[in-house]
Every structure is written in structure tokens, then in C-alpha cells.
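Look at the sequence and the model together. Follow the rings and the metal site in turn.

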Amino acid sequence: MARLGSWIEPFPEGIYVKPADAWVDPSQPKDKALVTHGHADHARGGHGAVWATPETLAIMGVRYGQQNANPVAYGATVRIGKVEVSFVPAGHVLGSAQIILDYQGERVVVSGDYKRRPDPTCAPFVVTPCDIFITEATFGLPVFHHPDTGSEIDRLLHRLHAESERCVLVGAYALGKAQRVIAELRARGHDAPIYYHGAMERLCNLYEELGVPLGELRPATGASKAEMAGHIVICPPGALNDRWSRRLPDPITAMASGWMRIRQRARQRNVELPLVISDHSDWDELTRTIREVAPKEVWITHGREDALKHWCMLHQIKARELNLVGYEDEDE
Ligand SMILES: [Zn+2]
Ligand SMILES: [Zn+2]
């Protein structure tokens, strides 16, 4: 009998599914690409044909223009070559999916990036039992424990209200994190206008079109310092310390990222108010997920592979590091 998963071949540029002649999240242009979600390290332009959720395809459309697109809604199944392929929610960003691959009685789940905490901007992660579970390990060390999101949002609001002559400038990745921070603020009762950097506009509009309400948003461009005082302004992390922020009223610099747990990372970006808000699983979420999915083997794509592999071995689960290249943690 062939080795379990012998029909799936990891290459540095992605996961090749032989009987479908297709790739999952390839970092190079390929004839057939199955894409888990819209972050740039997983979704690239230039493929011959793309299979993804309608939301991910819409995000790719905004970023790369029209794709040769095959939308697959959550729960639907398509056949590609000799493989049955379906997509279920990963809870990471809007449209993010785990890709389920069924071939000759074996089931492989490629989870892409995922988290288990509630997120008002996307459908929650669905546990899918399988033979091989392919997981990320961005925060795959026991020291990583993300705090409760609501308490991080409350710290932000407390600081905003304490210094109402200033503004709080929140650095957040433009796809996913920015919209989640806005939606979490709304869920905490903050209904004042939120100002945004121009780079956020198209994706915020798209989220709203796809049914994620974000409340009143205003462009920071053209607003006066007096108008923005006492308000939250949101921008990509790269704009936190650049000239752009000089137009703001004495900003309190914040950043929403799982990496804000590490003081050195906060200091590098001159972040005064680090907010530990992550779209990736922390250590407990990773290990809980592996227990619940209960696969025969775990394959680890990117992040802190060795610690998670060691945990799997301690729990009698066969594990393997895939060492894919090109996956960055900038989406965090
Ligand atoms: Zn991602
Ligand atoms: Zn990733």
C-alpha cells in the first residue's frame, strides 16, 4: 500500500496535488491554483485558473484584477481531475477556507491560516476530521497566548477617552485585521466615525458590499486635525511612522497584531499602545485544533514548525515539516 498522502507533494513554492494536477496556495504562477484566502503570501496573481470562495475571488479581483475564477462556496464540492475538492471556513479573514481534498479514500485538509476565536467579520472555523491535517504554526510556541480580544479593544477605548484632544492611530494590516478591529470596536459599542488611510478604502468597501457592516468610516485625507481629535484613525502598519501621520492631532500610536506580545516588535515600530489582536491561532488554539481534528498525520507549513512537531510527537501523532517558502507573517 502506498504511503499515506503519497498523492500530495510539497514543494518550496506550494503544495502539489498530483491527481488533480493542481497547486494549493502556490507562490509562483501555475495552470491550476486552489487558494485558501486573499492574503498576498497565499493568493498571487497570474494563475491560469483559480478555485476559491466567492469572497476570496472578490478580494483577489480588487488586488490583482479579474481572475479566471471558479467560485466554490463553503460546503460545495467540485471535482478537479480525480480529486473531490471542497472548502470550509477557516475563521482567519473574510472568505478564508480550509481546502478538503478527497482521493481514493484518503482525506487531506489544508487549513491555510486559521484561528478559533470569534471574529465578527468571518465565518468560524469548522473542525473536519481527516487523515492528514496541514497546518500553519505562526504562533507555534507555548509562550504565545493571545489575550481576550474584547479586553484589548477596551484598553484602546479607555486610552482614546482619556486623551480626547489627541487621536489613536491604529496600525493594522489592510486585509482582514483593519476590518476586524473596526467591527470589534462596533461590537464594543463604539459608534463614532472611524477615519481611515486611503490604502484601506477599497477593501473596507468590499467587506461592506459582502455583508460585513463597519459603521461610519471617513477618509483621513482631507479631514482637519480638529475633526480627528478624540477619534480613532486606522492605517497600514507601514504608515504608522511615515510623513502621512503628521497630519494627525498628536497621535497615540497603536498597533493590532499578535506580534505585539513581543516588546521588541512594539519598540521597533515606536508603538505606544500595543494591542495583541491576532488572526492566527495561538499555541492553545493550534494544539486544541489538532486534538479535535484528530488526524493520523500533521504536516506543518510555516511558522515555528519544530515546537509544534515536537508537541505532536509527544502526543503520538506523526508530524512533518514542509518548509514552504514565501509565506510571510506580514498579514499579522
Ligand atoms: Zn493569512
Ligand atoms: Zn500565512
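F144 is buried, because its relative accessible area is 5%. Buried means under 20% relative accessible area, exposed over 50%, and partly exposed in between, with a 1.4 Å probe and protein chains only. W259 also counts as buried, at 4% relative accessibility. F144 and W259 form an edge-to-face aromatic pair, 5.8 Å centre to centre with 90° between the planes. Rings of Phe, Tyr and Trp (its six-membered ring) pair if their centres lie within 6.5 Å; planes under 30 degrees apart count as stacked, over 60 as edge-to-face and the rest as tilted. This pair links distant parts of the chain. F144 is in the loop between β11 and α2 (149–162), W259 in the loop between β16 (252–256) and α6 (263–268), and they are 115 residues apart. Helices (H or I, at least four residues) and strands (E, at least two) are DSSP runs, numbered from the N terminus.

This is a predicted model: local features need pLDDT of at least 70, side-chain atom pairs count only at pLDDT 80 or more, and totals for chains, interfaces and linings use all residues. Side-chain values use heavy atoms, without hydrogens and water, residues are numbered from 1 along each chain as its sequence is written, and chains are lettered from A and ligands numbered from 1 in the order in which they are written.

The charged end of R265 sits over its ring, 4.1 Å from the centre. A charge sits over a ring if NZ of Lys or CZ of Arg is within 6 Å of the ring centre and within 35 degrees of the ring normal. K30 lies over the face of W23, 4.0 Å from the ring centre. W23 in turn belongs to a cluster with F11 and Y16, linked by ring pairs.

How many aromatic pairs does a search of the whole structure find? It finds nine. One of them joins Y114 and F125; their ring centres are 5.0 Å apart and their planes at 35°, so the pair is tilted. Y114 is buried, at 0% relative accessible area. F125 is buried too, at 10%.

Now turn to the metal site. The protein donors of the zinc ion (ligand 2) are H42 (NE2), D113 (OD) and D113 (OD), lying 2.2 to 2.7 Å from it. Donors are N, O and S atoms within 2.8 Å of the metal (3.2 Å for Na, K and Ca); water is not among the atoms, so sites may look incomplete. H42 lies in the loop between β4 (32–34) and β5 (49–52), and D113 in the loop between β10 (106–110) and β11 (132–137), so the pair ties together parts that are 71 residues apart in sequence. D113 also bridges the zinc ion (ligand 2) and the zinc ion (ligand 1), which lie 3.9 Å apart. Both H42 and D113 are buried.
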